[in-house]
Amino acid sequence: MNLALDSFEFGLHTQIYYGVNKLNELPDIIRKYNYKKVFICTDKGIVHSGNLNRLENLLNQAGIDFFTFTDVEPDPSTEIVQHVKNLYIENGCDALIGMGGGSSIDTAKGVSIAVANPGDLNQYEGKDKIPNKGPDIIAIPTTAGTGSEITHATVLKDKKRHYKMGILSQKLHAKAAILDPQLLTTVPRGVAAITGMDALSHAIESYTSNQAQPITEALGLYAIRLIGKHLRPFVAQRTDINAASHMMLASTIAGAAFIWGRVAAVHAVSHPLGGRLGVAHGLANSLLLPVVMRYNVSTNYEKFRDIAIALGENVEGLSLREAAERSIVAVEQLIQDLEIPTTLNALNLHPSDEELDVIAQEAFQSGIANANPKDCTVADLRKMIEKIR
Ligand SMILES: [Fe+2]
């Protein structure tokens, strides 16, 4: 970006409440915003971890009225959102709490849209298509990855089209996000690994995208550094509260970076990979990230060298190009250390050529790859997919 010629916008809209055991302050936060009855959106994993119990005890002790929905599904669909919306209205709630990973928070965002806007959610796909702002959302992430607690996006599955669509709007920023690293200590190891790779994808894609600007670059690079240092120890031992704390922050900071810096080819392809083949979001990103980095590296050697250094690589004595390419090796090494599979085949997925053609087509049509620093045609995206086959 040439600061003498170019202009940019940046803003954050979510009040962040960070701290170990910060969840204990939830009743005060609800009172501050004057909500009378809150609707909790969560999933069975949060029930089994004991975290929902902790939340409900807090609300009961404070005398705050609530209704709990515990059947959020992975890759939440528009159907489930409409079902939850009916429960929300029937129970007379006036605010939403999304507690869990991206699926719970994205469900809460979907319900907020559906409460205030009529008809099929498909019509709101894309950017700034939502006419009315819905009820407020308090986001309580229990994974370190999606950044949904701070972003303006929700990703919902349209089962009829086997399609994961993004709805982006300023009206979808959570009112508040409670970042309590204690909640991360019960995340299963595999989930910690792939959600961490989702956060790293947000940071690297926003840092290198053609929409990057000084503030998102600062956020993105800092998030990469935090992830480079803390993801391995966090995955090894989720009760390592120091590592958990830094990963919680890295995830939110990377989310803040990609609101304005955007994501690119990795996310363009990972959405249809999820929609068509059911690959979990963070896992799909992990498969694609090194491939896309290799595709993009020549667009900006300085930036990719910065990524290598942020990931802890020693680039002394290397040429600029060698230093830049070291970033890809660093990401591949991280994926190997986290024991994440690197191909669809290793996941026991064997899609046909035709299925992969459709995925490439959908990736292109989503427009997400428009932010990629190097142009992507359908054929380019198809080649990337072939590399992870
Ligand atoms: Fe993501």
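Tutor: A crossing is left-handed if the near helix is turned anticlockwise from the far one by less than a right angle, and right-handed if clockwise. This is a predicted model, in which local features need pLDDT of at least 70, side-chain atom pairs count only at pLDDT 80 or more, and totals for chains, interfaces and linings use all residues. Residues are numbered from 1 along each chain as its sequence is written, and side-chain values use heavy atoms, with hydrogens and water left out.

Student: Which hand does the crossing of α9 and α10 have?

Tutor: The crossing in which α9 passes α10 is right-handed.

Student: At what angle do the axes of α9 and helix α10 cross?

Tutor: Two packed helices are described by the angle between their axes and the distance between the axes. Here the axes of α9 and helix α10 (residues 281-296) cross at roughly 140 degrees and come within 9 Å.

Student: Which protein donors does the iron ion have?

Tutor: Donors are N, O and S atoms within 2.8 Å of the metal (3.2 Å for Na, K and Ca). For the iron ion they are Asp-198 (OD), His-202 (NE2), His-267 (NE2) and His-281 (NE2), at 2.1 to 2.2 Å. His-202 lies in helix α6 (residues 189-208) and His-267 in helix α9 (residues 265-277), so the pair ties together parts that are 65 residues apart in sequence.

Student: Are His-202 and His-267 buried or exposed?

Tutor: Buried means under 20% relative accessible area, exposed over 50%, and partly exposed in between (1.4 Å probe, protein chains only). His-202 is buried at 2%, and His-267 is buried at 3%.

Notes: Helix = DSSP H or I, 4+ residues; strand = E, 2+ residues; numbered from the N terminus. Axes fitted to C-alpha atoms, helices over the stretch in contact; angles between N-to-C directions.
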